[in-house]
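Hi,

Here is the structure I promised to pass on to you. Have a look at it first, and then read on for what turned up in it.

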Amino acid sequence: MITAFSIGFGIMLSVTFTGSGDYTYTNMIDMGASMGMGHVTVEPLGYHLKPTLDKRLTGTAKLQQQILALPGVSATSVRITGQAMYASARKSVGGAFIAIDPAFETPGNNLLLRSLVEGSLFSDKSGRGMVIGSKLAKKLHVKIGKKIVYTTTDAQGEIVSDIARVTGIFTTGIDMVDGMLALLPIGSVQQTLSYAPDQATLIAVLIKDQRHAELIRDEIAALPEAKDVAVLTWKKSQPDLAGVIAFDKAGNYISQFLVGLLIAVGILNTMLMSVLERKREFGVMMAVGMSPGTLFRLVMIESFWLAVVGLLLGIIITAPWYYFLYHTGIDLSGTVGSDFSYGGVLVDPVFKVRLFKESIEAILGGVFMLALLAGLYPAWRAGRIPPVESLKTI
Amino acid sequence: MNESSDLKQIVRMQNVVKTYRQGKVEVQAVNDVSLEIESGDFAVLCGPSGSGKTSILNMIGGLDVPTSGKLWVDDIDLSSLNNTELSEVRKNRIGFVFQAYNLIPVMTAFENAEFVLSLQGASKAECRERVMKILKAVGLEGLEHRRPDEMSGGQQQRVAIARAIVTNPAIVLADEPTANVDSHTAEALLDLMQQLNQEQGITFLFSSHDQHVIDRGRRIIQVQDGKVGADEKHN
């Protein structure tokens, strides 16, 4: 029973580790996607390696429509991203911009819109509105309604400038984003950069399930309009985030391996003791004709039932714990702060879990297989006990 | 009860040697033994402790293998068999009665006897019929649902005898079967085994230094220092 409970607690630990990973990684990836590049990015060839404004997509409207029609795609945004120098009446600061089409942007798919703390999106009637990060506003000493001149290079590599009025200020909590990023209306930026109305540097594709990013990338790449473009998943477009997640996952796997090892040692110990304690009983069974193979199977069947009981106990003790962590979670903001960022994205300070179906299958299947594997050696030992030796222990 | 012309050699040992290792010392427990046990025998291997009786019995029972020499049980050469094949021989051709009964403690009298039949693949109905018949024959009718710890030593040894004969083995090997019971019970158990031998022709080979057992034997085989000495037949 103790061993069955240890299997159960192992499942609970594994669910906590894996569930936390499934929840946090999905959150981080979705958050990263909503910061500008999407889960899948369509961009000009080579833009990823050298992002200059002379590289641009053409025919974005048609491609955008085709991508939107793909199953699993929840939203698309045509964007122009680039570097710029911002100048207010009092100061000049270097930064970056994302030019967006307000018709396709919602707080749901754009973190910066979700993070608006003052003003609104491009409410300036002249079409020259601008939304900037709170730290950038502070650096430039500007408030809502103030003008900013932004300078960048156009499609031909010429220096161009335009003026915009601050209509909104966002605070994401990520210093780098709040301190250097601005949102601009795509129409005015296209004019400034001498882009045609259907030209942009990227199409950000948001998908319903981040796990299908590779699949959707391949589907987009197969579209006839996507012939001369690059289609990248978030792993390519946000390598820092991908690296952080891969590193964290590796740590998670090591923790889970150690938990699994502890469970396996527990089962091995229990089964081995059980075999050695019944040495005489097994000796009698073999003396009256039970074959070593049958005895091996007998002990393996015991391991099987131990695993089944352990799994059931695991499900029983884990279910309320999982329910609590899924719905309520543990608020860690007192320890890590409410704007804790990792891998360039904000991380939810509430420790929550969410298990994917394949994770549930992997945990239950893995623990079950582990229990059976741990039973192999005791079963082998049982079959190797010479009956004449066992009968001497009377 | 059998005419000598009908007798079949159930056990044949030819120059069997068994050597054990005890640390760095080699101990020769059985030294060049040649012996035949015939169908219907009620034979006793007798001799002092450590003389090699149990080693001979263990080899005949396929629980141990000879270091050298040849050994046939029911015309099967045991010296050439692997563990799985030996277990087949034990299952189908040999019944064991041990000094300490060696019943499975978690099984009832019925289940202990049924277990060996089920190893042979007998059906539930066949098991039930044969086990009940055997339990009745050994005087345990009505006690079939008792576990070993709910029975006396004599009753437990009767269960062991039932388990040994329920599969119709070629030979029953009984290692000191009366050593753990009082003399009255010992006589009753020997009565039972003698009756089974005479009425059903079951071959018994005992290992014992108990005079009660020796007195009942129709064939007394002396074992001393791992060698077979006098081999006398009595009527």
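Predicted model: local features only at pLDDT ≥ 70, side-chain atom pairs only at ≥ 80, totals over all residues.

**Helices of chain B**

With that in hand, start with helix 3 and helix 5 of chain B, which pack at an angle of about 25° with their axes 8 Å apart. Angles under 35 degrees count as roughly parallel, and therefore helix 3 of chain B and helix 5 of chain B are roughly parallel to each other. The crossing of helix 3 of chain B past helix 5 of chain B is right-handed. On the helix 3 side, the contact uses B:Ala109, B:Asn112, B:Ala113 and B:Val116, while helix 5 of chain B brings B:Val159, B:Ala162 and B:Arg163. Sorted by class, the residues of this contact are five nonpolar, one polar and one charged.

Helix 5 of chain B (residues 153-165) also meets helix 6 of chain B (residues 183-200): their axes come within 10 Å and cross at roughly 20°. So this pair, helix 5 and helix 6 of chain B, is roughly parallel too. Helix 5 of chain B passes helix 6 of chain B in a right-handed crossing. Among the residues making the contact are B:Gln157, B:Arg158 and B:Ile161 from helix 5 of chain B, and B:Leu189, B:Leu192 and B:Met193 from helix 6 of chain B. The contact of helix 5 with helix 6 of chain B splits into seven nonpolar, four polar and one charged residues.

**Sheets of chain B**

Now for the strands. Strands of a sheet pair through backbone hydrogen bonds, either parallel or antiparallel. One open sheet in chain B has four strands in the order 2-1-4-5, with antiparallel pairing. Which strands stand at the edges? They are strand 2 (25-38) and strand 5 (76-77) of chain B; each has a single partner strand, so one side of each is left without a neighbour in the sheet.

Another pair to look for is B:Lys18 opposite B:Val30 in strand 2 of chain B. The hairpin of strand 1 and strand 2 of chain B has two residues between the strands, and there B:Gly23 takes a positive phi near 65°.

A second open sheet in chain B has six strands in the order 6-7-8-3-9-10, and the pairing is mixed. Its edge strands are strand 6 (94-97) and strand 10 (227-233) of chain B, each pairing on one side only. On average, neighbouring strands of this sheet are turned by 20° against each other, direction ignored. Within it, strand 3 (residues 42-46) and strand 9 (residues 219-224) of chain B run parallel and are joined by four bridges. B:Ala43 stands opposite B:Arg219 in strand 9 of chain B. Helix 1 of chain B (residues 53-60) lies across strand 3, strand 7 (171-175), strand 8 (204-208) and strand 9 of chain B, and runs at about 150° to strand 8 of chain B.

**Chain A**

How do helix 1 (residues 2-37) and helix 9 (residues 239-277) of chain A pack? The angle is about 175°, with the axes 9 Å apart. That makes helix 1 of chain A roughly antiparallel to helix 9 of chain A. The contact includes A:Phe17 and A:Tyr25 of helix 1 of chain A, and A:Val259 and A:Ile263 of helix 9 of chain A. By class, the contact of helix 1 with helix 9 of chain A has ten nonpolar, eleven polar and one charged residues.

**Where the chains meet**

Finally, 16 residues of chain B are in contact with 14 residues of chain A. On the chain B side, helix 2 (83-93) and helix 3 (109-119) are the elements that give two or more residues. Helix 2 of chain B gives the most, with five residues. The residues on the side of chain B that touches chain A divide into seven nonpolar, five polar and four charged.

Cheers

Terms used: Residues numbered from 1 in each chain as written. Chains lettered and ligands numbered in written order. Axes fitted to C-alpha atoms, helices over the stretch in contact; angles between N-to-C directions. Parallel < 35°, antiparallel > 145°, perpendicular 65-115°, else oblique. Left-handed = near helix turned anticlockwise from the far one by under 90°. Contact = placed C-beta atoms within 7 Å. Nonpolar A, V, L, I, M, F, W, Y, C, P; charged D, E, K, R; others polar. Pairing = 2+ DSSP bridges.
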